[in-house]
Amino acid sequence: MTQAVDTAPRTGSVSQPSAGETRLVIGLLLVSAFVVILNETIMGVALPRLMEDLDISAATGQWLTTGFLLTMAVVIPVTGFLLQRFSTRQVFIAAMALFSLGTLVALAAPGFPVLLVGRIVQASGTAIMMPLLMTTVLNLVEPAHRGRIMGNISIVISVAPAVGPTISGLILNAFSWRWLFGFVLPIAVAALVLGILKVRNVTTPRRAPLDVLSVVVSAVAFGGIVFGLSSFGEAGSTGPLVPVLALVVGFAALAFFVVRQTRLQRTDSALLDLRTFRTKGFTVPIVAMGISFMAMFGTLILLPIYLERVLGLEVLTVGLLLLPGGLLMGLLSPVVGRIYDRRGPRVLLVPGSIIISAVLWALSTVGVDTSVWFVLGAHVVLSIGLALTFTPLFTAALGGLPPKLYSHGSAVLGTTQQLAGAAGTALFVTLLTIGAATAGADADAAGIAAATASGVQTAFLVGGVISLVGILTSAFVRRPATPEGAPAGAPAMH
């Protein structure tokens, strides 16, 4: 089942790019990644409009988000192979071409099935972009300057999903849902054209084997887990049997996948090399990052529900209310990166994880009479805590890897983000449903609002308990030692 393909082009080795070329490549990747990641959360606010225009149910419309996440979970594990098999330029062009094509298909979709196909094609390009960005930074930027670049990457990974609902609300307030894709398409095409014209190869492709069985098993494993978690989160009418069965199949396939990768990595032929977890300082940041992403995505799904169903705010108002936190996270991320370069991770991670935990505990007290300003303040403070944690965790996890594991480490990190995001969404929404059902709901609006508020309290209370683990793990994260073969004297990015 393992096919060894000679992938090295006949163009010779790739020389070290200049500082200007490095800035161009990473800058273009950052902008492109922000655009593609933005689409991960842009459809949620549009669901009511889509239900009306396309005559679909909420359960059907939810697949526009669930299908996107499923595709991401399936494709990301394969990126470790792709980043070895092809050059930076080839992978970038493929990713942006897929994303642009998917955006065009979604824009012109005559109905829901074609729109879903467009979203799946979009997600295929999105899944490739983030590991490409991470691997390129690790190859081009010397360890002493990675913190500030990872700070910029944090803007992409954390801020883009956070502001997606806000941008969606602003567009839908004046235009049809098609303009969610119409505004994005010219930007994506421009990035693709610029990449074709300006980006040259900054990595050297090498012979890389492709284990077809591992590809199939990884699709079943990660796709099954994300589908199961998302099905729990949707709380649909199918009952618990479907998500439980999907999780059982997913975790069984994951166990087989781990065993097979462990065997294949002995000959450097694994689809996803799990020796990344043997690298000192990799596992603890990955666990802490998973907790942070659970908190972020769980809060992103829960706060709009609370603000709309309990406090009675309009969708556009909710989007604008959550905007300051997302923008603040973006402004802080480069500053956090510079502090990391000077002081290391713990001075940022410990206070950041404490802030996240404190906010989750505070949000467990919200009710029907809670002030909107309290929620706004809590979200802003939570965004500060997340900004303090993301950059140190990305940099510490990947910084200690040897160069041959860069692409695999980036793929592991991307897969963890998707699984943690799906888990956080599923956990918070399921706890919301259970808490609301336990509280009971009268037929009138006041009773429903009170029950929903009770469910929100339950979800944030459990989230607060989980966040204590994040505080504990943050204390054990260390600045990684420079691995042998890492770039030394590479152009610094300012």
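Is Phe428 buried or exposed? Phe428 is buried, because its relative accessible area is 2%, and under 20% counts as buried. Keep in mind as you explore that this is a predicted model.

**Around Phe428**
- You can find Phe428 in helix H17, which covers residues 406–439.
- Leaving out residues up to four places away in sequence, Phe428 touches Met294, Gly298, Thr299, Leu302, Ala459, Phe460 and Gly463.
- Take Gly463 from that list: it is 35 residues from Phe428 in sequence, while their C-alpha atoms are 7.7 Å apart in space.

**Nonpolar cores**
- The largest nonpolar core has 124 residues, and Met96, Met129, Ile153, Phe293 and Phe394 have the most contacts inside it.
- Helix H13 (residues 283–309) gives this core its largest share, 14 residues.
- Another core lies apart from it and has 17 residues, among them Leu50, Leu64, Ala106 and Trp177.
- Met129, one of the residues with the most contacts in the largest core, is in contact with Leu29, Ser32, Ala33, Val36, Phe92, Ala95 and Met96, leaving aside neighbours within four places in sequence.

**Charged pairs**
- Side chains of opposite charge can pair when their charged atoms come close.
- The structure holds two salt bridges.
- One of them joins Arg260 to Asp211, with the closest N and O atoms 2.7 Å apart.
- This pair links distant parts of the chain, since Arg260 is in helix H12 (residues 241–264) and Asp211 is in strand S2 (residues 208–211), 49 residues apart.
- Arg260 counts as buried at 13% relative accessibility, and Asp211 is buried with a relative accessible area of 1%.
- Asp273 forms a salt bridge with Arg275, where the closest N and O atoms are 2.6 Å apart; both of these residues are buried.

**Aromatic rings**
- There are nine aromatic pairs.
- The rings of Phe293 and Phe390 have centres 4.8 Å apart and planes at 50 degrees, so this pair is tilted.
- Phe293 sits in helix H13 and Phe390 in helix H16 (residues 372–399), 97 residues apart.
- Back at Phe428, its ring and that of Phe460 have centres 5.9 Å apart and planes at 90 degrees, so the pair is edge-to-face.
- Because Phe428 lies in helix H17 and Phe460 in helix H18 (residues 445–474), this pair ties together parts that are 32 residues apart in sequence.
- Ring pairs also link Phe175, Trp179 and Phe183 into a cluster.
- The charged end of Arg479 sits over the ring of Tyr340, 5.3 Å from the ring's centre.

Methods. Residues numbered from 1 in each chain as written. Predicted model: local features only at pLDDT ≥ 70, side-chain atom pairs only at ≥ 80, totals over all residues. Heavy atoms only, no water. Helix = DSSP H or I, 4+ residues; strand = E, 2+ residues; numbered from the N terminus. Buried < 20%, exposed > 50% of the residue type's maximum accessible area, 1.4 Å probe, protein only. Contact = heavy atoms within 4.5 Å. Core = buried A, V, L, I, M, F, W, Y, C linked by side-chain atoms within 4.5 Å. Salt bridge = Lys/Arg side-chain N within 4 Å of Asp/Glu carboxyl O. Phe/Tyr/Trp six-rings, centres within 6.5 Å; stacked < 30°, edge-to-face > 60°. Lys NZ or Arg CZ within 6 Å of the ring centre and 35° of its normal.
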